[in-house]
Amino acid sequence: MAPLKLYYLAAEVAPFSETYQLASFSRKFTNRLHLKGDIDIRVSHPKYGFISERKYILREVIRLKNIPVVFANETHIINMKSAFIPETRVQVYFMENNSLYKELPDLIYKARNGRIFSDIDARFSFFNKAALDTLQSLFWTPDIIICNDWQTSLIPTLLKEQFVQEEFYSNIKSVYVIHSLNNYRYFSKSTYNMLDLEPTQSGKQIDNHMQAMEHADLTIALNYESEEWMDKLKKQKNLFDKFKSTNHLIIDIPQKTNREVWENIANIIESACRNL
C-alpha cells in the first residue's frame, strides 16, 4: 500500500496552544497516524507570540524563509520554522507573521477582558491562503489536506476555485473536520474579498461551515459526547441538512478516551481518506 501523505492544518495543537478540544484532538490524532508507519503526516500551525521557541526547540528551515504571500492586495513575507510535537515525531511547521499572530494572547480569539477580536476572520483567512502558498516550498505534495474547524474552513474553496488550475495542486483533496458550533465560524463578506473569493451565500456574514462543506471532498463531524454535540448540530437545521447532503462521516468521541479509542479514530479517518 502506497504511503498516504496528509497535511494537517490546525489553529491549535497541544501543548503549543490550547483553548478547546481541537488542541487535544490534534496532538492525539496526528500521533496515532504517524505511528502507523505508512502515513506521512505533517502539521501546519500559526506561530503565536506566546509559543516559546526555546522550550519547543523551533528551528529555522532555509527553504522556508522569506516566502511571499499575497493577501488583501498586499505582499506579506513570512517564515516557517520546524519542530516536533513533544514526546512524538510528528513534524510541525510554524507559520510566522508578526503583524497577525505575534501579539495574540494565549486565549487566541479574544482579549483577557473577554472581548472577541474583530479581525480573527482576517487573521485565519490569511493562514488558509499562506498554508497553500507555502506548500510548494516544502517540495512535498500531500494527497489530502485535513482542515480543522472554522479557522481553516476556506481551504476547500481556495483549492477548488483558485489553486486547482495549477498542476501542483490539481490532485489534492480536502477533508473538513468540524469541532465546534460557535459563532466564530461566521466570516464577513469583506474577508472573502481579501481572498478574491465569491461566497455561495448571500449577506454580510457567511457561515463558513456551510461554505467548507460545499467544497470539501469529505466532511467529518466529531460527536463529542461530553457536549451532546450531535444534538446541537441537529438543532441547526440548515447546517445539519447541508451536512447530510454532502459526503460525510460522524465519529463519536467518548468522554473518556484511551489508546484504543484513538487508534480506532485514526483507522476510520485513514480509511475514509484512502477511499476518496
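Is Lys129 buried or exposed? Lys129 is buried, because its relative accessible area of 12% falls under the 20% cut-off. Keep in mind that this is a predicted model, so everything here is read off computed coordinates.

**Salt bridges**

Lys129 has a charged partner: its side chain forms a salt bridge with Asp133, and the closest N and O atoms sit 2.7 Å apart. Both residues belong to helix 4, where they are four residues apart, or about one turn of the helix.

| Pair | N to O distance |
|---|---|
| Lys129 and Asp133 | 2.7 Å |
| Arg185 and Asp207 | 2.9 Å |
| Asp40 and Arg42 | 3.3 Å |

Take Arg185 and Asp207, whose side chains meet in a salt bridge. Arg185 lies in the loop between strand 8 (173–178) and strand 9, while Asp207 is in strand 10 (residues 205–207), so this pair ties together parts that are 22 residues apart in sequence. Both of these residues are buried. Elsewhere, salt bridges with shared partners link Lys36, Asp38, Glu270 and Arg274 into one network.

Arg42, at 15%, counts as buried.

**An exposed arginine**

Now for Arg59, which lies in strand 3 (residues 59–60). Arg59 is exposed, because its relative accessible area is 55% and the cut-off is over 50%. Leaving aside residues up to four places away in sequence, Arg59 touches Lys81 and Ser82. Phe94 is 35 residues away from Arg59 along the chain, and the C-alpha atoms of the two are separated by 9.6 Å.

**The largest pocket**

How much space lies in the largest pocket? About 160 Å³. Its lining includes Ile116, Phe117 and Ser118, along with Ile120 and Asp121. Asn183, Tyr184, Tyr186, Ser188 and Gln205 line the largest pocket too. Two elements, helix 4 (120–133) and strand 9 (186–188), each supply at least two residues of that lining. By type, the lining residues split into five nonpolar, four polar and one charged.

Definitions and conventions. Residues are numbered from 1 along each chain as its sequence is written. This is a predicted model: local features need pLDDT of at least 70, side-chain atom pairs count only at pLDDT 80 or more; totals for chains, interfaces and linings use all residues. Side-chain values use heavy atoms; hydrogens and water are left out. On a 1 Å grid over the protein atoms alone, a cavity is a set of points where a 1.4 Å probe fits but cannot get out, and a pocket is an open set with protein on both sides within 12 Å along at least five of seven lines; lining residues have an atom within 4 Å of a point. Grid points are joined across faces, edges and corners, and a volume is the space filled by probe spheres set on the points. Ala, Val, Leu, Ile, Met, Phe, Trp, Tyr, Cys and Pro count as nonpolar, Asp, Glu, Lys and Arg as charged, and the others, Gly among them, as polar. Buried means under 20% relative accessible area, exposed over 50%, partly exposed in between (1.4 Å probe, protein chains only). Contact means heavy atoms within 4.5 Å. A salt bridge is a side-chain nitrogen of Lys or Arg within 4 Å of a carboxyl oxygen of Asp or Glu.
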